[in-house]
Amino acid sequence: MRKKLLIFIVLMVGAFIAGIVFAPLLQEKTYHLKEWIKRPVSLPPVSKVVTLYFSTPEDELLVPVERKIIINDTRNINDQIRKIIQELIKGPQTSSFLSTLPPQTKLRAVYTREDVIYVDFSSSLIENHPGGTSAELVSIYSIVNTLLENFPSYSRVQILIEGKPHSTLAGHIDIRQPFRKNTKIIKTTE
Amino acid sequence: MRFAVGVVFFLITLVTQVSQAGELSIDKVKITSEPAHTRIFIPVPEGTGYVAKDIDAPPRLVLNLFPVRINFTCKEIRVEDRFIQKICLLKDSENVVKAAVDLNTSEYIFDISSQSQPSAVIIQIRPPGKDIIPALLGLESIETEENPPSFGPWQKIPKKKVGNYRIVIDPGHGGKDPGAIGPSGTREKDITLAIARKVAELLNQNSEFQVYLTREGDEFIPLDRRTEIANLLGGDLFVSIHTNATWSSRAKGIETFYNSRYPYGEGAKEVAMRENAVFGSGDLPSTVKNIIWDLIQNQYRQESKELARIVQEKIVRASNTSNRGVKSAPFYVLRGANMPAILVEVGFISNPWEERKLKNAKFQELIARGIYQGIVTYINSLDKKKTENP
């Protein structure tokens with residue numbers, strides 16, 4: 001009888017201790033569960049093949065180059081645009097094509113509104129630009145064609161400098177208005 | 001006798017309330033009467049565009065300014081001036097302010113320009129006359145009793161006779177803007193000026209041509225100002241001279257451009273469609289002004305294209321350089337030129353081989369000769385058309 005009582009007490013104490021030890025864990029679990037329910041389902045990063053336009057060395061035309069990039073959130077268009085522009089700034093990986101933007105170019109922000117993608121660069125794009133009509137055309141249309149190719153639901157791209165529309169990159173092509181895709185500047189394989 | 005009237009200033013301030021952000025900004029309109037012209041200075045917020053229209057009866061000049069707001073419906077300024085009776089500012093629609101300038105006479109010429117810092121729209125009204133250039137450039141008019149000014153509304157300026165052409169040559173860049181710089185340090189602004197001077201020299205040998213340079217020396221002229229100068233001079237042709245550049249040191253050759261909003265001819269229809277929006281709708285995009293500028297140059301699209309074709313052909317032949325052809329792109333400096341206008345890229349300063357050639361005075365001479373021949377051939381083709389159908 002005393003032995004039974006002892007076992008009972010030991011069990012009680014054991015349960016008490018177990019309660020103290022595991023209760024917070026249980027609580028934490030519920031907390032995590034709640035958090036998980038509240039948050040939208042976050043998908044794992046995915047890799048996506050995008051098209052980038054670089055230029056040819058002789059005729060200053062644009063050629064499409066495919067590149068795999070990692071996207072953290074497939075639903076965040078602005079983030080994808082930012083990633084693609086950054087790849088464009090990095091330049092081509094082969095020497096058969098040329099960069100279209102100065103490597104020092106800094107992207108400040110990206111906006112989308114209606115059918116227009118706004119890409120806001122810091123003045124680094126202008127300060128480091130080599131100048132010349134050809135270089136300006138190649139810079140502008142590598143941005144415009146790349147973005148409109150990868151995001152076909154948009155139809156125009158507006159380049160901004162320091163948050164505002166700007167006159168020209170280096171004194172030639174007017175960039176105060178959004179541009180449409182230009183297929184004439186793309187090199188066609190014959 | 002000189003028009004010896006002292007300069008009279010009328011400073012009229014429209015008393016308005018302190019504007020809220022994005023609201024009323026036309027708070028100080030200044031009217032200056034000078035012997036050569038009367039000037040209306042309308043301070044506007046940065047980025048304000050305008051559309052101007054002149055009405056015959058009663059003589060009135062109407063300016064739609066946008067996007068800009070006023071916090072009253074209508075206010076007028078009465079003026080004692082030989083041209084202007086009064087100026088009314090009225091709210092046209094949400095973002096459009098109408099500035100109506102009532103005039104005493106229908107015999108006037110007007111020019112409208114915009115400037116930044118401070119941002120303003122400037123209307124210049126002056127008597128029509130033979131010697132309009134000094135007045136246009138803001139100099140005192142040279143009116144003599146022997147040579148009284150002849151009057152007529154601006155649209156009715158007699159068409160220039162065959163063989164009297166004003167040619168505006170625009171040497172690219174200048175002053176603080178060196179343009180592109182070649183691998184051995186050649187500056188675009190020096191090459192363009194040297195070639196432009198040679199072109200002017202060749203054209204000046206022919207008495208039918210009046211030749212103007214947008215810059216005579218190493219000075220900075222904003223792009224807007226270059227077209228403005230050409231328009232104020234009443235130019236018949238505008239030729240901008242540039243050297244090309246790009247990342248590649250291998251790119252080479254000569255190309256000639258004419259203006260297009262959407263390069264290579266796209267989008268002309270869209271621009272035309274939007275033209276209606278300019279005059280009708282109150283919901284105007286802030287960049288409407290650019291479209292108007294395009295429309296101005298668009299009138300001369302065929303002529304510009306033809307001029308580009310001829311000039312390109314002649315330069316390539318004269319200089320024996322590789323031909324990159326005639327192209328179109330939206331050029332800031334060509335937009336708004338109220339005449340056929342082209343931009344010639346005479347070679348790649350970023351290509352070491354072409355850079356060396358461009359520095360060479362003999363090569364510059366060849367290029368200049370090509371441009372000159374192109375201009376002359378184009379004008380001869382016009383004269384031929386005129387004599388065929390006068």
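# Briefing: a predicted complex of chains A and B

Helices (H or I, at least four residues) and strands (E, at least two) are DSSP runs, numbered from the N terminus. This is a predicted model, in which local features need pLDDT of at least 70, side-chain atom pairs count only at pLDDT 80 or more, and totals for chains, interfaces and linings use all residues. Residues are numbered from 1 along each chain as its sequence is written, chains are lettered from A and ligands numbered from 1 in the order in which they are written, and side-chain values use heavy atoms, with hydrogens and water left out.

**Confidence**

- The predictor assigns the complex an ipTM of 0.74 and a pTM of 0.64.
- Chain B has an average pLDDT of 76, and 74% of its residues score at least 70; pLDDT is the predictor's confidence in each residue, from 0 to 100.
- In residues 1–24 of chain B the pLDDT is below 50, and the model gives this stretch 48 contacts beyond near neighbours in sequence. Contact means heavy atoms within 4.5 Å.
- Residues 130–161 of chain B also have a pLDDT under 50, with 54 contacts beyond four places in sequence.

**Interface of chains A and B**

- In the model, 36 residues of chain A are in contact with 34 residues of chain B.
- About 2,800 Å² is buried between the two chains, 50% of it on carbon and sulfur atoms. Buried area is the accessible area (1.4 Å probe) that two parts lose on being put together, summed over both.
- The rule finds 1 salt bridge across this interface. Asp174(A) forms a salt bridge with Arg335(B), with 2.4 Å between the closest N and O atoms.
- Between chain B and chain A, 14 residue pairs are in polar contact, both residues being at pLDDT 80 or more. A polar contact is a pair of N or O atoms within 3.5 Å; within protein, one must be able to donate a hydrogen and the other to accept it, and residues adjacent in sequence count only if both atoms are side-chain atoms.
- On the side of chain B that touches chain A, at least two residues each come from β13 (237–244), β14 (254–259), α4 (268–280), α5 (288–298), β15 (323–329) and β16 (341–348) of chain B.
- The residues on that side of chain B comprise 16 nonpolar, 7 polar and 11 charged. Ala, Val, Leu, Ile, Met, Phe, Trp, Tyr, Cys and Pro count as nonpolar, Asp, Glu, Lys and Arg as charged, and the others, Gly among them, as polar.

**Fold of chain A**

- Chain A has 4 helices and 6 strands, in the order α-β-β-α-β-β-α-α-β-β from the N terminus.
- Of its 190 residues, 43% count as buried. Buried means under 20% relative accessible area, exposed over 50%, and partly exposed in between (1.4 Å probe, protein chains only).
- Of the contacts in chain A between residues at least 6 apart in sequence, 62% join residues at least 24 apart.

**Positive phi in two loops**

- Glu162(A) has a phi near 50°, a positive value in a residue other than glycine, and is partly exposed at 36% relative accessibility.
- Glu114(A), in the loop between β3 (107–113) and β4 (116–121) of chain A, has a positive phi near 50° and is exposed at 69% relative accessibility.

**A buried asparagine**

- Asn145(A) is part of helix α4 (residues 133–150) of chain A and is buried, with a relative accessible area of 0%.
- Its side chain reaches the backbone oxygen of Asn182(A) at 2.8 Å.
- Beyond four places in sequence, Asn145(A) touches Tyr53(A), Leu62(A), Lys181(A), Asn182(A), Ile185(A) and Ile186(A).

**Salt bridges**

- Over all chains, the structure holds 24 salt bridges.
- Lys90(A) and Glu87(A) pair at 2.8 Å, N to O. They are separated by about one helical turn because they lie 3 residues apart in helix α2 (residues 77–90) of chain A. Lys90(A) is exposed at 60% relative accessibility, whereas Glu87(A) is buried at 13%.
- Asp120(A) bridges to Arg108(A), the closest N and O atoms being 2.6 Å apart. This pair links distant parts of the chain, strand β4 for Asp120(A) and strand β3 for Arg108(A), 12 residues apart. Asp120(A) is buried at 1% relative accessible area, and Arg108(A) is partly exposed at 44%.
- Glu306(B), Arg309(B), Glu313(B) and Arg317(B) are linked in a network of salt bridges.

Note on methods
Salt bridge = Lys/Arg side-chain N within 4 Å of Asp/Glu carboxyl O.
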